[in-house]
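Reader: I would like to go through the labels used for this model and see, for each, the value and the rule that lie behind it. Please take them one at a time.

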Amino acid sequence: MDRRVFIRVLGGGAIAAASATTLSGCSSALPPEAIAAWQGPGEQADVRRWLLGHALLAPHSHNLQSWLVDLGVADEITLFVDRSRLLPETDPFARQILMSQGTFIELLDLAARQKGLRAQVELFPQGAFGPNAVDARPTARIRLAPDASVQPDPLFAQILRRRTNREAYEAREPDAAALQAITASVSPYPVRIGFVGAALPEAMAQHRRIAKEAWRIELVTPRTVEESLRVLRVGPKEITLHRDGLSINDPMVRALAAVGLFSRTQAPGPDSMATTSQIRDFNHKIDSTPAFFWLVSEGNDRVTQVNAGRAYVRAQLAATAAGLSMQPLSQALQEYPEQAVPYAEIHQLLAAPAPRFTVQMWARLGYAPAIEPAPRRGLDALMSG
Ligand SMILES: Cc1cc2nc3c(=O)[nH]c(=O)nc-3n(C[C@H](O)[C@H](O)[C@H](O)COP(=O)(O)O)c2cc1C
């Protein structure tokens with residue numbers, strides 16, 4: 001069996017199109033309908049749809065796109081969490097879901113500025129969710145009004161170009177000016193960000209060790225693997241139907257799935273080739289990663305989580321502008337019990353002792369080969385009611 005097949009099966013992301021086609025006549029490129037949203041929304045009679053056509057390109061944990069909007073009131077957008085799109089095993093308190101509301105709001109805001117509109121964002125207009133669960137109340141009410149003093153933000157130009165890149169990165173260190181630009185990009189939000197690279201080999205070794213251990217834990221914890229398997233989309237039919245989740249279009253995986261040799265109901269065992277080969281592949285990527293990025297907040301309430309998402313997507317857009325790629329490494333930041341040790345270690349390493357501080361984002365950073373965008377469900381899927 002081709003080892004790379006297993007690597008891609010559970011690689012924790014949209015692994016499609018990463019490498020050469022292995023079966024003749026099949027392509028691993030994603031179906032055009034699944035990625036049509038990346039051509040941009042085109043002009044729309046209702047400017048809110050144009051804004052939303054950009055917002056839905058935001059990064060979201062597991063590409064779940066848990067965004068629902070209500071356009072019932074003129075010049076307003078009300079945003080809700082689609083509670084059928086949660087990740088209770090790996091994100092038990094919905095922290096990453098709230099960050100993913102923030103990434104959406106930030107792109108919406110950038111698009112509004114582009115149109116000379118002020119987006120007045122009121123978070124949790126009916127009160128914030130409690131710390132453990134999300135509910136039916138809105139995440140945000142966004143009022144739009146023309147405002148001559150609103151300036152376009154240059155990060156807008158990166159929205160269609162941004163990708164979460166899970167390839168191996170070049171050994172080359174990120175450029176100092178790029179790191180400065182990323183730092184400047186998050187200034188609207190009360191977060192602390194940082195970077196580490198080859199100048200601090202001991203710290204790099206700690207980053208690598210924690211990232212590898214956290215990933216191993218996730219892969220040998222059946223319920224967390226099975227949560228990812230449930231949102232795995234294999235082959236053009238599934239990818240086009242869902243246009244969300246983790247997409248695999250590799251011809252070999254499709255062939256295995258077609259003959260029932262690829263189970264998506266049960267996690268492979270810890271010593272299976274599926275698990276060990278993925279760990280090897282991930283470790284190789286971590287070893288070749290030249291730098292890591294992090295984003296820390298003081299406090300961890302719902303507003304803080306949304307703002308952390310807003311800051312993260314700005315950082316990723318600034319990285320994109322500088323030709324740099326990022327891939328979040330969420331495993332050690334996750335609140336399920338098996339991750340308690342990596343969670344404590346990454347907080348300690350980043351001088352962010354919990355519970356006062358929360359590491360909201362930790363990511364690989366570097367120069368990487370170009371990749372395809374990830375699927376999106378499109379505008380109509382956002383409309384509630
Ligand atoms: C809060 C959050 C956590 C994420 N965690 C991970 C992660 O642990 N590993 C990963 O490969 N991607 C992670 N991602 C990236 C998403 O998987 C990615 O945004 C999604 O698949 C869509 O792809 P795109 O960013 O290229 O549009 C995360 C994104 C967000 C917003």
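Reader: What makes the pairing of the side chains of arginine 95 and glutamine 360 a polar contact?

Author: The two side chains are joined at 3.0 Å, and a polar contact is a pair of N or O atoms within 3.5 Å, where within protein one atom must be able to donate a hydrogen and the other to accept it, and where residues adjacent in sequence count only if both atoms are side-chain atoms. The distance of 3.0 Å therefore falls within the limit. This is a predicted model, in which local features need pLDDT of at least 70 and side-chain atom pairs count only at pLDDT 80 or more, while totals for chains, interfaces and linings use all residues. Residues are numbered from 1 along each chain as its sequence is written, and side-chain values use heavy atoms, with hydrogens and water left out.

Reader: How do you know whether arginine 95 is buried or exposed?

Author: Its relative accessibility is 1%, and buried means under 20% relative accessible area, exposed over 50% and partly exposed in between, with a 1.4 Å probe and protein chains only; arginine 95 therefore counts as buried. Arginine 95 lies in helix 3, where helices are DSSP runs of H or I with at least four residues, strands are runs of E with at least two, and both are numbered from the N terminus.

Reader: Why is helix 3 described as largely enclosed by the rest of the structure?

Author: Of its 20 residues, 18 are buried, so the description follows from that count. Helix 3 is followed by glycine 116, whose phi is positive, near 70 degrees.

Reader: Which residues are the closest to the ligand, and what polar distances to its oxygen atoms go with arginine 166 and arginine 376?

Author: A residue is near a molecule if one of its heavy atoms lies within 4 Å of it; 21 residues surround the ligand, and the closest are Arg162, Thr164, Arg166, Ser330 and Arg376. A polar side-chain atom of arginine 166 lies 2.7 Å from an oxygen atom of the ligand, and for a polar side-chain atom of arginine 376 the distance to a ligand oxygen is 2.7 Å. A backbone N or O atom of histidine 60 lies 3.2 Å from an oxygen atom of the ligand. The protein covers 96% of the 610 Å² of accessible area that the ligand has on its own, as given by the Shrake-Rupley method with a 1.4 Å probe, which for residues counts only the protein chains shown as cover. Helix 3 (95-114) and strand 9 (325-328) are the elements that give two or more residues to the shell.

Reader: Which backbone values of histidine 62, glutamine 65 and proline 355 deserve a comment?

Author: Most residues other than glycine have a negative phi, and most peptide bonds are trans. Histidine 62, however, has a positive phi of about 55 degrees, and glutamine 65 has a positive phi near 55 degrees. Histidine 62 lies in the loop between helix 2 and strand 1 (67-70), which is also the place of glutamine 65. Histidine 62 counts as buried at 18% relative accessibility, and glutamine 65 is buried with 2%. A cis peptide bond, with omega about 5 degrees, joins alanine 354 and proline 355.
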